[in-house]
There are 2 protein chains.
Amino acid sequence: MTDKWFLKPAKSIDQADLDSARSHQLQLTKPPGSLGQLEDIAISFCGWQKSLTPSCKQVQIAVFAADHGVCAQGVSAFPQQVTAQMVHNFTNGGAAISVLAKQLDAEFQVINLGLVSEIDDTDGLINTPLMAGTNDFTQHSAMSREILLAALTAGAKQLNNTAHLFIGGDMGIGNTSSASAIYSVLLKQPPELTVGPGTGVDKKGLARKRKAIYQALNRHGEQMKTPLDVLQRVGGLEIAGLVGAYIACAQTGVPILVDGFITTAAALLACQINPSVRAWMMFSHKSAEPAHTLALESLEAQPLLDLQMRLGEGSGAAIATPLIISALTLHNNMATFGGAGVSES
Amino acid sequence: MTDKWFLKPAKSIDQADLDSARSHQLQLTKPPGSLGQLEDIAISFCGWQKSLTPSCKQVQIAVFAADHGVCAQGVSAFPQQVTAQMVHNFTNGGAAISVLAKQLDAEFQVINLGLVSEIDDTDGLINTPLMAGTNDFTQHSAMSREILLAALTAGAKQLNNTAHLFIGGDMGIGNTSSASAIYSVLLKQPPELTVGPGTGVDKKGLARKRKAIYQALNRHGEQMKTPLDVLQRVGGLEIAGLVGAYIACAQTGVPILVDGFITTAAALLACQINPSVRAWMMFSHKSAEPAHTLALESLEAQPLLDLQMRLGEGSGAAIATPLIISALTLHNNMATFGGAGVSES
């Protein structure tokens, strides 16, 4: 990939395709607008796929995994070895996202972009660590610029260009701290508003998380002038992989279904690095992490679900995928007023 | 069916089954509670089915159709003949609920409980009208007590006792007016708060709807002492059918997924007639009709979706069904911490 490939604009969307889809929706046997957001989804897909009969049969789910040096500050409810244990659980089919990927008959990959420990190769695992977990961002930059660029490219390389929908997932003990730091910088909000309980840290852990973000903001504040700086200094390898994958999706023309708290941090970074990416994104759910709402608002995103989920892994997006399939099935198969002999209002 | 069959209590739910399900959820490889409402759904199904591996493979969708005399007051955006036209559209597979029923591989019936016009028998139609549409409730009782009881029984008879999930749908031009009148009485709210645009009536139509509800409240107010009185005087035949079906579900032990504005009016009536029914209900979505929120609150219901849908037919419940299937698939197939060798928090 060429230098600064991630700045190349997203594939264009033709207004005429959206207009045709919108007028088809108006002919279907239902009061105009009565399918709510499902109509918007179907219309968007017509634009993305340049087709009046869009489809969402091939779903790709790629879960990026990496460890976080900031765990040294006691920010997580789970020990750091859980990242590697969960990677095994993903490839063995026992994790939530594995179960959902199977249910959706989705293409499913797990990508090790930097666990602290070495793990054995296995089916379904792309075992390409870039470093043994990030550095503790309270003390150092999370990663070098070189590794950041490598992680972006590694993310982009995972994309299956023929997928109808791309879901990125995340795994990395400590990564809600990284996401909170990203939100604090990009949304200009104090850690009090961006730090939540994550996987279930207690009150003392929450205080340690906030303190770690404050330390990071003090240490890196003035040197975080661009979104790439933010990603390099307080981000994560899996978050960088997601950013690269999202940008590649938009450039290639694969719609993106963003998951939750961590992946929305990646989505926000991707849109700030390359604003044309936003037009290829849907948002699956509002996470139970309080700051997620702020992030969704800044992206003018209307998530499909609000089920108080806070698991990550891409699970919220996988749960929302049947809604998209239903939206397209309705668009493609409902009768028109004329065809069914139903009087209009 | 015996006299007052609808007062018989719902099938009991065993607390021990719920407790076992809850402790199984805590063993799955995810932070406790991180699947949000999906965990609650799975736990409820374990109680309903008395099984730690519940299933939702057989879904029954029954759409009750009938006409409304109050249409004479100009309350709807659509002409009354649309009720019968849509019944044909349901059985021909062109309506939203038909498309969704096929997608879910659901058992699907349409029940004519009282259209104004006679319609031909056809596959999938249970053609058993009780009267040619209700009377205009601004002038008369919508139906007699005898017909009300027949509609309740007709609703109950549709239930397939082996279904894992029952979805009731509604079709009846003018039926948002009936539902608004029911809400005004049961929730003790003025028509300003219970009357919405329905399928898309304009400002003048909205004023006519409000006026019709005021007329009904004035005419019937003091005689509506019980929920059965309300249903008889300002209800609809399809709404009465839904009430009967919901009560039969709870008595038989089939979980109910309530749809939107009209079906929630039926749900509220069912729960006021027989409070034990509530324990067998889930609520699929928050309708774009403003008063639906009030009704959900009064039922302490947490709907799964808020997609600004307002179509009826059972469509919101059908759209939400894959969420239930996913919740059970996760409950039944995820690995446990012990089994997967993942450390707990």
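This is a predicted model: local features need pLDDT of at least 70, side-chain atom pairs count only at pLDDT 80 or more; totals for chains, interfaces and linings use all residues.
In general terms, a disulfide is a covalent bond between the sulfur atoms of two cysteines. The criterion applied here requires two cysteine sulfur atoms within 2.5 Å of each other. For A:Cys249, the closest cysteine sulfur belongs to A:Cys271 and lies 12 Å away, so the separation is too far for a bond. A:Cys271 is likewise in no disulfide, with the sulfur of A:Cys249 as its nearest cysteine sulfur, at 12 Å. Both residues were also examined for their accessibility. A:Cys249 has a relative accessibility of 0% and therefore counts as buried. A:Cys271, with a relative accessible area of 10%, is buried as well.

In chain B, an open sheet is formed by 6 strands, arranged in the order 3-2-1-4-5-6 with parallel pairing. Strand 3 (125–127) and strand 6 (281–283) of chain B are the edge strands, each of which pairs on one side only. From one strand to the next, the twist averages 25°.

Within this sheet, strand 1 (residues 59–66) and strand 2 (residues 107–114) of chain B run parallel and are joined by 7 bridges. One of the residues involved in bridging is B:Ala66, whose partner in strand 2 of chain B is B:Gly114.

Notes
Residues are numbered from 1 along each chain as its sequence is written. Chains are lettered from A and ligands numbered from 1 in the order in which they are written. Side-chain values use heavy atoms; hydrogens and water are left out. Two strands pair if DSSP finds at least two bridges between them. Helices (H or I, at least four residues) and strands (E, at least two) are DSSP runs, numbered from the N terminus. Axes are lines fitted to C-alpha atoms, for helices over the stretch in contact, and angles run from 0 to 180 degrees between N-to-C directions. Buried means under 20% relative accessible area, exposed over 50%, partly exposed in between (1.4 Å probe, protein chains only).
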